[in-house]
Amino acid sequence: MNDEKIISAIKALSVAEISKAKSGHPGIALGAAPILYTLYSRHMNIDVTNDKWINKDRFIMSAGHGSALLYATLYMSGFDLSISDLKNFRQIDSITPGHPEFGVTKGVDSSTGPLGQGIATAVGIASAEKYLKEKFDNLLDYNTYVLCGEGDLMEGVTYEACSLAGNLKLGNLIVLYDSNSVTLDGDLNKSFSEDVLKRFDSMGWHTDKVLDGNNWMLIDMAISKAKRITDKPSFIEIKTTIGKDSLLQGTNKVHGNPLTKEDIRQLKEKLKLDKDLFSNIASLRKEMSNFIRIRVSHDKKTWDTKYNAYINSCDEKTKRFLESLSEDKRYDITRLFKAEIFDDDELRNINGKVMNIIADNYPAFLGGSADLSSSTKTYLNNFGDFSKDNYSGKNFWFGVREHAMGAFINGLALSGLRPFASTFLAFSDYQKPSIRMASLMNLPSTFVFTHDSVMIGEDGPTHQPIEQLPMLRSIPNHYVYRPCDANEIIGSWQTILNNDKPSSIVLSRSKCKNLDVTDPLSVKKGAYIIRKEKKKLFGIIIATGSEVSLALDIAEKLSLKGMEIRVVSMPCMELFEEQSKNYQEEVLPIGYKTFVIERASKFGWHKYVYNDKYIMGLDEFGYSGKVEDVLAKLKLDDETITKRIEKLLK
């Protein structure tokens, strides 16, 4: 095969994409093209006609700014991309966006861009393979590859995730480090001087180094060696020159700026390219794609035969689970709870029981916590721990690694599973980047947050969430559930598991009543009436979570004074906003005084009320002390809220 010519063509296409768009990152394209060429031509087990093949190798471009290089490589490999698509790089509505986007471009296995997220997500993908391999008797057997740069390695999420990967001995994970000693602002040694290989050695990884990143044969040998290491993840440092053969090679100036016309002209001469960078590469593309097809075809046919034999012999439940990995799946969990009776309890405890029943019935449902399962009550009792000694366990011990935990479960979701991650609501801040990525990718990742208000008392303001609920609610394509009792918890999970979008479920540590007026099936509407006025309507109280019982108590007290109050439970604001205008006005008719009770930030509630006074919430941090004293100091105790609402109604 014309290896060098194809590498030059990949470089040419990458530079042409960037030049046409007048935007992009030529440095990584010119420096790392031999890496991606070697990986795709010699190693990736892929079917370019079916990027949903469940046993394909995965590739994560953690250095997402190298998207032009990835698109050029995918094109040359035979994926469904055209020259026109490459010419539309970074243009509106193109399938070649500025950073790789899952679901937009064939062959892109994860959205990347925020540095470090890609590696951390890849650890989850590699773990999913280990779990599925155990579940399906070694039917699945694929590797996860990553291309990263210095920026990825400096982000803290990378250390968290790679530490976990070493502990889990993920021998199916291979990270390729484009080591060019340059960052966007200048030379790497100004900010980063550690011995990266020693760091990965200490975390239990196999490490290797390729001194000449321009030599595809050396890269090939290093990857081949890493594939033979089955009891450790592999980290290969490949020394490259950023912007190789550009007039600005080896400098930060070639990192994120298109090349000048003069630079492109001399580059074409060095690479022996034609004047039109997009022309005369059809034969080279055919050569590379045919090489990949021939290399993979025998193994693919063998695997297809194995798959057909397996699916014809396994039981129906296993068959449904296997087929669900590449198909939409729907869950009816309400049937599981028809005979269940829940006592009044802390909502985190009730939720734990609900999650365990779900786990008992659905093999795709799994997850873990950031060293807090004893507090968040999310441990799945019947399934053991996922570990280097037991890849079939459903409980992931993430350790105190909230940031990596979020990205990790996104990797599980990208693999067809239904994962959850749990921690305290105050620590959702650590997971924000991963929740945002889940929302961008439309992944069914679920984030379970407990200890949801200042009512955790003595733990004090560092652990008492205030602004986290509006932060989570502000993320597009993401649903936040704050149920008030067992019925609404069941309804929340019913909705979560039948919606292929990311969700957060927020739960109280406080003991709450199980109400006879709540309805699991109404949760899907986001808000519904749980107390209807009996006479002339005086006002409406909207409440969520543990405050719903308080709203009902206040309504009953005011009713005795001749003021009829409607109570609306709003477990999911986002779902309510999606309902028809008629339904919204049926629940919250215009022209009546409306109040909100939620012991958290007032931000986001003003659209439902006349002014700030009608929101029983917070604009300050909490305090350390007994719950009743904290609420009294914040003027959010039951008595004060009742008096405030009564006064505003008069």
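Here is a short chat about a few residues and the nonpolar cores in this predicted model.

Me: Let's start with Thr 446. Which strand does Thr 446 lie in?
Reply: Thr 446 is part of strand β11, which covers residues 446-450.

Me: Is Thr 446 buried or exposed?
Reply: Buried. Its relative accessible area is 4%, and the cut-off for buried is under 20%.

Me: Which residues touch the most other members of the largest nonpolar core?
Reply: Trp 493 is one of them, along with Leu 173, Phe 235, Ile 333, Phe 365 and Leu 417. That core has 107 residues. Helix α5 (residues 117-135) gives the largest share, 9 residues.

Me: What about the second core? How many residues are in it?
Reply: 52, and this core is separate. Among them are Ile 18, Tyr 40, Tyr 75 and Val 108.

Me: New topic. Where does Arg 401 lie?
Reply: In the loop between β9 (395-397) and α15 (402-414).

Me: What's the nearest side chain of opposite charge to Arg 401?
Reply: Glu 160, 5.9 Å away. Arg 401 is buried yet has no salt bridge, because a salt bridge has to be within 4 Å.

Me: So what does the side chain of Arg 401 reach?
Reply: The backbone oxygen of Phe 398, at 2.9 Å.

Technical notes: Residues are numbered from 1 along each chain as its sequence is written. This is a predicted model: local features need pLDDT of at least 70, side-chain atom pairs count only at pLDDT 80 or more; totals for chains, interfaces and linings use all residues. Side-chain values use heavy atoms; hydrogens and water are left out. Helices (H or I, at least four residues) and strands (E, at least two) are DSSP runs, numbered from the N terminus. Buried means under 20% relative accessible area, exposed over 50%, partly exposed in between (1.4 Å probe, protein chains only). Lys and Arg count as positive and Asp and Glu as negative; His and the chain ends are not counted. A polar contact is a pair of N or O atoms within 3.5 Å; within protein, one must be able to donate a hydrogen and the other to accept it, and residues adjacent in sequence count only if both atoms are side-chain atoms. A nonpolar core is a set of buried Ala, Val, Leu, Ile, Met, Phe, Trp, Tyr and Cys residues joined through side-chain atoms within 4.5 Å.
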